[in-house]
Amino acid sequence: MASSLSFISSVPSTAIAPRGRRGHCFSGALSPVLPFFLLSQTSRSLPNFRPAAPVSALLAEQETFPNPTKTPPPSLPFRVGHGFDLHRLEPGYPLIIGGIKIPHDRGCEAHSDGDVLLHCVVDAILGALGLPDIGQIFPDNDPKWKGAASSVFIKEAVRLMHESGYELGNLDATLILQKPKLSPHKETIRANLSNLLGADPSVVNLKAKTHEKVDSLGENRSVAAHTVVLLMRK
C-alpha cells in the first residue's frame, strides 16, 4: 500500500486532475476514480508525458508571425468603390444636388451644404482607394466645414485619386427622392459632376428614382444617393 501511494507524488497534477460530475476538471484533488492499474504501479516517471508549454512561450511564438496590417496594399490595375449618403429634408434650407441648386420648398439639413450626390461620390472614391470615409476626413464637428460647398470635398477626393496613381474609369449614381422631379435637371447635374471630376461626361451616369411613397424617402422627408466608381491605374 505504501509503494502504490508513493506513485502519486511523481505524477504531475495535470495528469491526474479529476473530472467533476459534468466533466469539469478540479486541480489539486486526487480523483476518486483513479484507474486501478495506476495505483498498482510502483513509483516511476511517465515516459510519454510532455508538460504543457508556458503561456509566455506561446505568446512569444505568436509574435513571430507576420502582421498583415503592416503589408503595403498591392498595386491593382483597377479598384471599385461604393458610396451612400442620406440627408433629412427640412424647410428653410436650399436643395443642392451635384453642385446645382434645385427649386424646392425644402432642402438638406447638414453641417456643410448637404449635397447628397457629391457626398456619396466622395465616399465611393475614398472607398475605392481604401481610405477613411468623408466623415473622418471632413468631420461634421469641425467649424471649418460649416456651410462649406461640397465641391471642396470632391476636389480633394480627386486629388487623392490622382496622387495614388488612378483615374476615373466610370461612375454610376442613383438619386432617390420623391420630390421634386429631377428629369429637367439631370443633364445639368451630370455636366457639373463631370467637370468636378475632370472626366468626360460619357463615363458619368446619373439616374433618379422615387421611393413609391414608402418611408421617409417616399414621404419627401429625406433624400438619398448611391454611387459606384471604377478607378483605373494610369
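This is a predicted model: local features need pLDDT of at least 70, side-chain atom pairs count only at pLDDT 80 or more; totals for chains, interfaces and linings use all residues.
Residues are numbered from 1 along each chain as its sequence is written, and side-chain values use heavy atoms, leaving out hydrogens and water.

Start at Ser 222, in strand S7 (residues 222-233); strands are DSSP E runs of at least two residues, helices H or I runs of at least four, both numbered from the N terminus. Ser 222 is buried at 3% relative accessible area (buried is under 20%, exposed over 50%, partly exposed in between, with a 1.4 Å probe and protein chains only). Its side chain makes a polar contact with the side chain of Ser 216 at 2.8 Å (N or O atoms within 3.5 Å, one able to donate a hydrogen and the other to accept it; residues adjacent in sequence count only if both atoms are side-chain atoms).

Now hop across to strand S1 (residues 78-90), which runs antiparallel to S7 and is joined to it by eleven bridges; pairing takes at least two DSSP bridges. Here Asp 85 has Ala 225 as its bridge partner in S7.

A salt bridge here means a Lys or Arg side-chain nitrogen within 4 Å of an Asp or Glu carboxyl oxygen. Arg 88 also meets Glu 90 in a salt bridge at 3.2 Å, and Arg 88, Glu 90 and Glu 109 are linked in a network.
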